[in-house]
Amino acid sequence: MTENYTPPKIWTWDKENGGAWASLNRPIAGATHDKELPTGAHPFQLYSQGTPNGVKVTILLEELLAAGHDAEYDAWLIRIGKGDQFGSGFVGINPNSKIPALLDRSGDTPVRVFESGAILMHLAEKFDAFQGPREKRAEMLSWLFWQMGSAPYLGGGFGHFYAYAPYPMEYPINRFAMEVKRQLDVLDRHLADNRFMVGADYSIADMAIWPWYGRTVHGESYDAGEFLDVESYTHVRRWADEILERPAVQRGRIVNRTDEGTLEERHAASDFDGLV
């Protein structure tokens, strides 16, 4: 462990820097290998993995279907631990090589959409659903973008140094734990007076925030529930529990995962039979 570090004048890539994702992370973009993506029969083709960012989109798609919209989709597993996101087909949809990525084939010309927040907005606008009341649209968008800007501190910051770094480091763990707890306090204060993120209206803001912060207050993120004292955020827990009870959420949260009781791929509603 090096306690004192002086940055060099010019940074160079050290492939042996350690950590759980050291073999995949690199400072350049683009495909590493040729690999076409599979295509199913439905209007929406989702290429993803059931991480918090991926779960946002499958929850919305399942909510749209439950509400009677024509949002049938195929969900294909992208194994980010094996580098599937660097295949040429995936990079063609998302040049940033991050899940999720969506190909919307519902119109005359296929449309690629990448970044989870953009996908949520694209689908919500397309079906005019889960956007909250028009007079509160700015509030909904504010919370949606709050999540997009805040989650890197929870995942890439706290999660990395608490769970994935090659060894424990007090300063970054303390720094990011403080920020995660501040974010949870922001949510707890807001949800003390609001059923959902936009008052009484369930929206894509809830679908974006829940996979990250609902999972955290349920003690599932990085096995850090006790460390973060998640029991103390009572309003966030109430909100998280209510959302978890929604059948569409129970379906969406298990798509593109490989653990027991989940779906590696989703192509029809019947795929959930016996699981939820």
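At 8% relative accessibility, Gln131 counts as buried, where buried means under 20% relative accessible area, exposed over 50% and partly exposed in between (1.4 Å probe, protein chains only). The model is a predicted one, in which local features need pLDDT of at least 70 and side-chain atom pairs count only at pLDDT 80 or more, whereas totals for chains, interfaces and linings use all residues. Residues are numbered from 1 along each chain as its sequence is written, and side-chain values use heavy atoms, with hydrogens and water left out.

**Surroundings of Gln131**

- Gln131 lies in the loop between α3 (116-127) and α4 (137-164); helices (H or I, at least four residues) and strands (E, at least two) are DSSP runs, numbered from the N terminus.
- The side chains of Gln131 and Asp128 are joined by a polar contact of 3.3 Å, a term for a pair of N or O atoms within 3.5 Å in which, within protein, one must be able to donate a hydrogen and the other to accept it, and residues adjacent in sequence count only if both atoms are side-chain atoms.
- A polar atom of the Gln131 side chain also lies 3.3 Å from the backbone oxygen of Ala124.

**Salt bridges**

- The count comes to 14 salt bridges, each being a side-chain nitrogen of Lys or Arg within 4 Å of a carboxyl oxygen of Asp or Glu.
- Glu62 forms a salt bridge with Arg251, with the closest N and O atoms 2.9 Å apart, and this pair links Glu62 in helix α1 (residues 52-66) to Arg251 in helix α9 (residues 247-252), 189 residues apart.
- Glu62 is buried, with a relative accessible area of 3%, and forms a salt bridge with Arg266 as well, the closest N and O atoms being 3.3 Å apart.
- Because Arg266 lies in the segment after α9 and Glu62 in helix α1, the pair ties together parts that are 204 residues apart in sequence.
- Glu62, Glu72, Arg251 and Arg266 are linked in a network of salt bridges.
- Arg257 and Asp259 form a salt bridge whose closest N and O atoms are 2.7 Å apart; Arg257 is partly exposed at 25% relative accessibility, and Asp259 is partly exposed at 37%.

**Sheet**

- Four strands form an open sheet in the order β2-β1-β3-β4, with mixed pairing, where two strands pair if DSSP finds at least two bridges between them.
- The edge strands, β2 (73-77) and β4 (111-114), each pair on one side only.
- β1 and β2 pair in the parallel sense over five bridges, and Ser48 stands opposite Leu77 in β2.
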